[in-house]
Amino acid sequence: MATSNGTMVDAPRWCKTDLGKRAWQVGATVAGAHAGEVDREGRFPAEATEAMRTSGLLGSMVPVALGGEGAGLAAISESIRAMASHCASSALVLAMHQIEVAYLIHHGETDALQDLLGRVATGSVLMANANSEVGLGGDVGRSLCGLEHRDGMVHLEKDVLALSYAAYADAITVNCRRDVEAAETDQVMLICGPGSFSVEPTGVWDTMGLRGTCSSGYRLVVDEREDMVLTDTWSTVVNRTGLAATAATLNSVWLGIAEAAAATAHASVRAEARRSIGTTPPSALRLAEMLVVLGQARAVLADTIAHIEAVGTGAAMEDDLSLVLEMRDLKLSMTTLSADVVLRALTVCGLSGYKRDSKFSVERNVRDVLGGQLMANNNRFYVDNAQLLTMVKRF
Ligand SMILES: Cc1cc2nc3c(=O)[nH]c(=O)nc-3n(C[C@H](O)[C@H](O)[C@H](O)COP(=O)(O)OP(=O)(O)OC[C@H]3O[C@@H](n4cnc5c(N)ncnc54)[C@H](O)[C@@H]3O)c2cc1C
């Protein structure tokens, strides 16, 4: 059985885990079937998200004791990569959700947060994030908004620069100043549970790619219980969990897009070979070159995830500065290698790849993959690593 772009429903060899294979099925049968329409109309991938809820993908990272599968970062990465092979927007929804779930798992100490985690395990809670703020660009080290504390409750209003699938999320994580008097860098993280927030769009999301994430600006207004604020500071949460979870998940999206374009290029070369049995089409040489770059991208992701899993979470992660360098480098490598693979695939497919209505079209992959370099901006990562390199003794 084959999908509309010719990729097979049978999971590829790199899909080793049960979770990855399940995600591949959802991707091939649901997300991929709606991906064209989601992109064209810039609409939320509702069908794929529903399938991610019912197939257990949304709850997969939650510990077994709380009703989830306790999936580790390698399996989560595989599931996102599998989804991205069919629909990048659906994969990005899954990736961002899993980052927020990781925050809850490692820092959600209160009963209220544990209760929410139990609900995530059932698939009934899709989590989004409101980290960016109007006026700060991609600088998440500061917040202009702050918590107002009132009788065991907190009130918050934030102008979010880009809030993916805000209108469809059941819960939203948001960083903000500890209180309205606190310094801009004195931040905490509030988890806005179901029913505690409202979102009002302040812009439109009409982008060149990743159109289904519906990440326009929003005015977020929250009234939530105080025990939904994480006890760890925002910087602790980011350093101990955020960097690793983000590295493993978002980079899986960019790799998955590259895998999709590579599969299309392969199918195109095989079709050409069938038309001239006995000769190797010239495009096969370009395909062979593309596979080398794809191999580099696969290797750098697998290597860094293995290092993350070996170090674990908590203070050890925060203290390992060479791993911090490596995780940022993963993003810088992956966003450029995956774009390289996709553009090479375009060359392999030629005009059929450039056309939007062709079976061998990679145009959506080209548009989608470029988002990786902006989310967050690669320049910020280079600047941060340049600073860090003056401090570390070895890498
Ligand atoms: C598909 C997509 C989905 C998104 N979803 C969400 C979401 O769900 N929630 C959310 O909160 N945000 C989301 N974002 C926003 C994202 O995380 C970034 O905050 C945002 O893209 C940054 O916008 P920017 O490039 O204009 O800002 P900046 O990062 O500020 O970059 C603007 C320019 O300034 C330069 N620059 C500024 N400061 C520095 C510096 N210190 N060092 C180096 N260069 C610097 C950059 O190089 C760049 O040229 C999403 C973005 C995308 C593309």
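Reader: Is Phe 44 buried or exposed?
Author: Phe 44 is buried, at 6% relative accessibility; buried means under 20% relative accessible area, exposed over 50%, and partly exposed in between, with a 1.4 Å probe and protein chains only. This is a predicted model, where local features need pLDDT of at least 70, side-chain atom pairs count only at pLDDT 80 or more, and totals for chains, interfaces and linings use all residues. Numbering runs from 1 along each chain as its sequence is written, and side-chain values use heavy atoms, leaving out hydrogens and water.

Reader: And how many aromatic pairs are there?
Author: The count is 3, where rings of Phe, Tyr and Trp (its six-membered ring) pair if their centres lie within 6.5 Å, with planes under 30 degrees apart stacked, over 60 edge-to-face and the rest tilted. One of them is Trp 14 with Trp 24, edge-to-face at 6.0 Å centre to centre and 80° between the planes.

Reader: Are those two tryptophans buried or exposed?
Author: Trp 14 is buried at 13%, and Trp 24 is buried at 6%.

Reader: Back to Phe 44, which ring does it pair with?
Author: Tyr 165, in a tilted pair, 6.2 Å centre to centre with 40° between the planes. Phe 44 sits in the loop between α1 and α2 and Tyr 165 in the loop between β3 and β4, so the pair ties together parts 121 residues apart in sequence. Helices (H or I, at least four residues) and strands (E, at least two) are DSSP runs, numbered from the N terminus.

Reader: New topic: where is Arg 275?
Author: Arg 275 is in helix α6, residues 234–275, and is exposed at 65% relative accessible area.
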